[in-house]
Every structure is written in C-alpha cells, then in structure tokens.
Amino acid sequence: MARGSGGASPCDLDREFAPQIAQLLATPPLQPAQEYYDELIQSKKHDGVRVNYNGKHGKGVFANKDFAEDDLILKDQMLVGAQHSLNKIDCVVCSYCFRFIGSIEFQIGQRLYLQNAGSSIGCHSERHCHGSESGSSTGSPGVTKGNSEDLPLEVIESLITGETSLPFSDHFALPEVVSCHGCEEKRYCSQSCADSDWESYHSLLCAGSNTEPSRRSALHKFIEHANGTNDIFLVAAKAITFTLLRYKKLKKQHDFQNKLAGSNFSLLMEAWKPLSMGFKKRWWDYIALPQDVDASGEDSFRREIRDLAFTSLQLLKDAIFDAECAPLFSLEVYGHIIGMFELNNLDLVVASPVEDYFIHIYDLPDDKKEEAEKVTMPFLDALGDDYAVPCDGTAFFPLQSCMNHSCCPNAKAFKRDEDNDGHAVILALGPISKGDEITISYIDEDLPYEERQAELADYGFTCTCSKCQEEKPN
C-alpha cells in the first residue's frame, strides 16, 4: 500500500481552513447522501436502478427491475470530464457532451493539419505520471504515424473549409461546429451545449479576448503547465469551477430570497455536495511507484508529486481564486479531487465516425468501392494505421462511481454503435434479477488472483467475491 508523502503541507490554506477542509472531505451523512442519489435518479429518469447507502457497506447500485443479457442498465451523464490534451490532435469533439462535430472531411482535415504541425513538436514528452493511465495525457494515442506530409497543404485545408467533399460522407452527417463566443479553443455541437458548458465550467476557464488580461495570462500558464505535466489538472480545475459556479448561483438565490440564516460556508458545502459523494484519497499518497523508483526513494517521489500538484494549484489560484470559497483552493482539497478522479473514473471514450466511414467505403460493391477509393485512399494512407482513434479522456460519473467491484461482474461499461457522446453506458453481462446488486470490474478480471488483489489494494479493499473465494490459496 502507498504511504503518505510526509512533511508539512506547503499550502497555507491547509492550516488556515483546516476545520472547513475536514468538513468538505468528510464522508457525507447517510440520510442526505441517500436523498441526493434518490433525487439524482429521479431527475435523470433512471427508474431501473437504485442506490443503497449505509455506513457499514458504503454505496451500491441495485436493480429495480429484471434485466436480460445485453440490456441497457444505465446511461450516466458525467459530472465533470475532459478530453486528454494530446487526443485533441486526433479528434474534434464537443467540449461539453463530447460528440464528434463538423463533418468527416473536417475531422480528417483537422487531424492531418495538426499531425503535420505536431511532427515538428515533441508531442510525446515525458510526464510526471504514475502507474495508472487515468487522467494522464500519456494515456492518449497522440499523433499517429502516417504520410500526411505527402499531401499538399492546400488539399488538407480544403477538407477543413469544406471545399473538398469525400464520396458517401453525407451518410455520416455530424453536428455543425458552434464556437465559444469568448475563445477559439472550445467548440460545441450545439448552442445548448455551449451555454451549458459556460454556465457549469467554462465561464471561469475561458482564456479568450474578453477575459481580463491578467486572468487570461494566468489561465494560459495553468493550462500550459497541465499540458506539460499531467492533464488531470485540467479535470480538477473543472471540478473546482463547477463548485464555484454552483456556489455563486446558490448565493444569488439565497440573497434574492433574503434569507438571513446560514453562511457562505454552508452554501459552499451545498455547492460541493455532488463532488462530496465521490470516494477520495490524496493523489500522491496512493499512486503506484514508477518502476525506476525503489522503496528508498518513495518519500521523495511522493513529495515531488505533491509539489507538482501545488504548483498547478498556485497557477489556478492566480486565475480564479475566490476568497469566499478559499477552502476549495487548499492543497488538501485539490489532492483529494485528483484522487477522486483516479479512483472513481470510467474512461471517457467515444468511437470515431471516421472509422465507420472508411469501413463503409471498404464494404461498398466493387465498382463503387474502386471509384470511391481513388479519392479516399490518399487520405487513409496519410492517416496511417491508427486512422480510427476514438475521443479519449477521463471523467467522474456519479452513478457509475457507486457501482461496486466484482471479479465476476454482472455488468460492464460498453459503448454500442448508437452511443455517440460521453455518457457512461452500462450493459448487463447476463440476466440480473430485481433486487440484485449491479457490479462491474475495476480491473482486468482475467488476471491471476494475486495480481487482481494487488491492483485492488489501491482502492483500499480486499475482494471477497465468489471468484476470489474460489481461487484464494489455502
């Protein structure tokens, strides 16, 4: 098991707001937690499941009806998520729902353009990472090897602008691109998604020309640091802005209703509630040691990771600090937010329509296929073997995170052909009866017993499922 980093925290807020931080990170009381999940399930119309919450066994998701094999159990909308930084080279998706946007031509042209630009930049730089790929930009395929340099730049640009159309691409229509009104980086599939992202996260993280210059500069420094170290800091920043914006909305309602009872901190606790439900550990306390770090260097490594997070936090504070929510900017809370994503995330994956497009071309009748490939083959060759890279990122899903582990699970996370956004999709692996607990596997359940238990140790438990009981050495 991982050990603590040791030494006093470098963050003054950790000491100044220690009691408030303890409340933020405490396990939520049973009744409010149960009420939260009941309301969440009702609002999302997930009538087939319920969350049971008690102090002895923690949380669990149970079936409210019978499910047959391959039945859809749940489509869980993420609370906070982000595309990996390097994956943005390969995939242009909505920054809110993560659907692919533009057109097949736009997707191919944008990737080839950035692939060319990235070939002169060290895109596979080393990261300050850890054993898990979750939240790390090294988990993204990044730039793939192709022959895009053989295509004239004007041909690539004509795909992006729409001047060149590929045969049969109209069979794979994608939503038009809607850009953020403040910056050029964020793009969406609809105005609705743009508005939702602005209200939930982006209004505090937009580094466009309308942002005050000093704050814009600070945001650029934070983003550059995250992209150069570990892009899970970007997801953590979205979690903080999500809470800040909820707080501001609650305070506005509170002031409007002229309620004198309560305090700013009680409003912050309410704003924090959705994130308070996630299981958390400090990031640097439990991450696996890299293979080149032995036990004698463990404390030093963990301090290095803690200090890396502190540098990120300081840069974020320079950009969006709000004194009324100061405990939210403590290193203790920041470390636990990152740890929450590592321990509760289900990978954010959305299949690329570019793959479906080239499969469609391949499956055409011979006469049509030959004619179409005269146009499409140069682009397929330029993209290379990994022409169908999916959107890849990390996210926190509020209901999926309640599902307990089993090495013989009765459900799995699996995207069907029709699942074209960032929701987590949970399917039944076999018949599930009403009242049964719905379980998934946190790891590769085909590993030997000892390896499974070693991987699960980072989650803080020893698995005692029927498979582990059967395979446990005497």
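Me: Is tyrosine 357 buried or exposed?
Reply: Good place to start! This is a predicted model, and in it tyrosine 357 counts as buried because its relative accessibility is 0%. That is under the 20% cut-off for calling a residue buried.

Me: Where does tyrosine 357 sit in the chain?
Reply: Look in helix α13, which covers residues 353-362. In space, the C-alpha of tyrosine 357 is 7.7 Å from that of isoleucine 104, although 253 residues separate the two in sequence.

Me: And which residue forms an aromatic pair with tyrosine 357, edge-to-face?
Reply: That would be phenylalanine 358. The ring centres are 5.2 Å apart, with 65 degrees between the planes. Phenylalanine 358 is buried too, as its relative accessible area is 6%.

Me: Why do you give both a distance and an angle?
Reply: Because a pair of aromatic rings is described by the distance of the centres and the angle of the planes.

Me: Which residues are in the cluster that ring pairs make?
Reply: Phe172, Tyr357, Phe358 and Tyr387 are linked that way.

Me: How many aromatic pairs does the structure hold?
Reply: There are 10. One of them joins phenylalanine 321 to phenylalanine 329, edge-to-face, with centres 5.1 Å apart and planes at 65 degrees. Phenylalanine 329 is buried, since its relative accessibility is 0%, while phenylalanine 321 is partly exposed at 38%.

Me: Okay, switching to charges. How many salt bridges are there?
Reply: A search of the whole structure turns up 15. Among them is the one between the side chains of lysine 75 and aspartate 419, at 3.4 Å from N to O. Lysine 75 is in strand β3 and aspartate 419 is in the loop between β10 and β11, so this bridge ties together parts 344 residues apart in sequence.

Me: Are those two buried or exposed?
Reply: A bit of each! Aspartate 419 is buried at 3% relative accessibility, and lysine 75 is partly exposed at 26%. Both also belong to a network of salt bridges with Arg416 and Glu418.

Me: What about lysine 88, which residue does it form a salt bridge with?
Reply: Glutamate 185, with the closest N and O atoms 3.4 Å apart. This pair links distant parts of the chain, 97 residues apart: lysine 88 is in the loop between β4 and α4, and glutamate 185 is in the loop between β5 and β6. Lysine 88 is partly exposed at 28%, and glutamate 185 is partly exposed at 47%.

Me: How far apart in helix α11 are glutamate 298 and arginine 302?
Reply: They are 4 residues apart, so about one helical turn separates them. Their side chains meet in a salt bridge of 2.9 Å, N to O. Glutamate 298 is buried at 8%, and arginine 302 is buried at 2%.

Me: New topic: what is phi like at aspartate 70?
Reply: Near 75 degrees, a positive value in a residue other than glycine. Most residues other than glycine have a negative phi. Aspartate 70 is in the loop between β2 and β3, and it is exposed at 52% relative accessibility.

Me: Last one: which residues form the negative surface patch?
Reply: Asp444, Asp446, Glu450, Glu451 and Glu455. Aspartate 444 lies in the loop between β12 and α15, and at 39% relative accessibility it counts as partly exposed.

Conventions: Residues are numbered from 1 along each chain as its sequence is written. This is a predicted model: local features need pLDDT of at least 70, side-chain atom pairs count only at pLDDT 80 or more; totals for chains, interfaces and linings use all residues. Side-chain values use heavy atoms; hydrogens and water are left out. Patches are made of residues with over 30% relative accessible area and no salt bridge: like charges are joined within 9 Å, nonpolar side chains (Val, Leu, Ile, Met, Phe, Trp, Tyr) within 5 Å. Accessible areas come from the Shrake-Rupley method with a 1.4 Å probe; for residues, only the protein chains shown count as cover. A salt bridge is a side-chain nitrogen of Lys or Arg within 4 Å of a carboxyl oxygen of Asp or Glu. Lys and Arg count as positive and Asp and Glu as negative; His and the chain ends are not counted. The place of a charge is taken as NZ of Lys, CZ of Arg, CG of Asp or CD of Glu. Helices (H or I, at least four residues) and strands (E, at least two) are DSSP runs, numbered from the N terminus. Buried means under 20% relative accessible area, exposed over 50%, partly exposed in between (1.4 Å probe, protein chains only). Rings of Phe, Tyr and Trp (its six-membered ring) pair if their centres lie within 6.5 Å; planes under 30 degrees apart count as stacked, over 60 as edge-to-face and the rest as tilted.
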